[in-house]
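Subject: A structure for you to look at

Hello,

Please have a look when you have a moment.

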Amino acid sequence: MGMSYQYRQFLKSPYWTKVKEAVLTRDGHRCVKCGYSRGLQIHHTSYVHHLNEHNNMTELMTLCGDCHKALHQLL
């Protein structure tokens, strides 16, 4: 399943850049599953608070690309 154009634009927004950096900092710039520190991505455990992530940081986690992909394959 590909990302929509709107979601790709969201990922480039100043808002998401700030939220992403806060999550990376909170998680020590490491994947919370395996500890890897490269190719990091932020995973939403829920989109209930989309556009209000900054007030719901527990719904976000830092994952490396491999762990993120593996997690989505399980869902």
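Before the rest, a word on what you are looking at. This is a predicted model, in which local features need pLDDT of at least 70 and side-chain atom pairs count only at pLDDT 80 or more, while totals for chains, interfaces and linings use all residues. Residues are numbered from 1 along each chain as its sequence is written, and side-chain values use heavy atoms, with hydrogens and water left out.

**Overall fold**

The chain has three helices and two strands, in the order α-α-β-β-α along the sequence. Helices (H or I, at least four residues) and strands (E, at least two) are DSSP runs, numbered from the N terminus. The C-alpha trace spans about 30 × 30 × 20 Å along its principal axes.

Of the 75 residues, 32% count as buried. The accessible surface comes to about 5,300 Å², and 56% of that belongs to carbon and sulfur atoms (Shrake-Rupley method with a 1.4 Å probe; for residues, only the protein chains shown count as cover). Among contacts (heavy atoms within 4.5 Å) between residues at least 6 apart in sequence, 60% join residues at least 24 apart.

**The core**

The largest nonpolar core holds 15 residues, and Trp16, Cys31, Ile42, Leu60 and Leu63 touch the most other members. A nonpolar core is a set of buried Ala, Val, Leu, Ile, Met, Phe, Trp, Tyr and Cys residues joined through side-chain atoms within 4.5 Å. Helix H1 (5-11), helix H2 (14-26), S1, S2 and H3 each supply at least two residues of this core. In soluble globular proteins, nonpolar side chains tend to be buried together.

Leu63 deserves a click. Not counting residues up to four places away in sequence, Leu63 touches Cys31, Val32, Lys33, Gly39, Leu40, Gln41, His43, His68 and Leu71. Gly39 and Leu63 are 24 residues apart in sequence, with 8.4 Å between their C-alpha atoms. Beyond its neighbours within four places in sequence, Gly39 is also in contact with Cys64 and Gly65.

**Helix H3 and the histidines**

Which residues of helix H3 (residues 65-74) are buried? They are Cys67, His68 and Leu71. Seen down the axis of H3, these residues fall within an arc of 100°, so they line one face of the helix; the arc is that of the directions from the helix axis to the C-beta atoms. They pack against S1 and strand S2 (60-64). The face turned away from this buried side carries the exposed residues Asp66, Lys69 and Gln73.

His43 is in strand S1 (residues 40-44) and is buried, with a relative accessible area of 4%. Its side chain makes a polar contact of 3.2 Å with that of His68 and one of 3.4 Å with that of His72. A polar contact is a pair of N or O atoms within 3.5 Å; within protein, one must be able to donate a hydrogen and the other to accept it, and residues adjacent in sequence count only if both atoms are side-chain atoms. His68 also counts as buried, at 12% relative accessibility.

**Loops worth a check**

Most residues other than glycine have a negative phi, and most peptide bonds are trans. His29, in the loop between H2 and S1, has a positive phi near 55°. Leu51, in the loop between S1 and S2, has a positive phi of about 75° and is exposed, with a relative accessible area of 54%.

Finally, Cys34 is found in the loop between H2 and S1 and is partly exposed at 48%. Leaving out residues up to four places away in sequence, Cys34 touches Cys64 and Cys67.

Best wishes

Definitions and conventions:
Buried means under 20% relative accessible area, exposed over 50%, partly exposed in between (1.4 Å probe, protein chains only).
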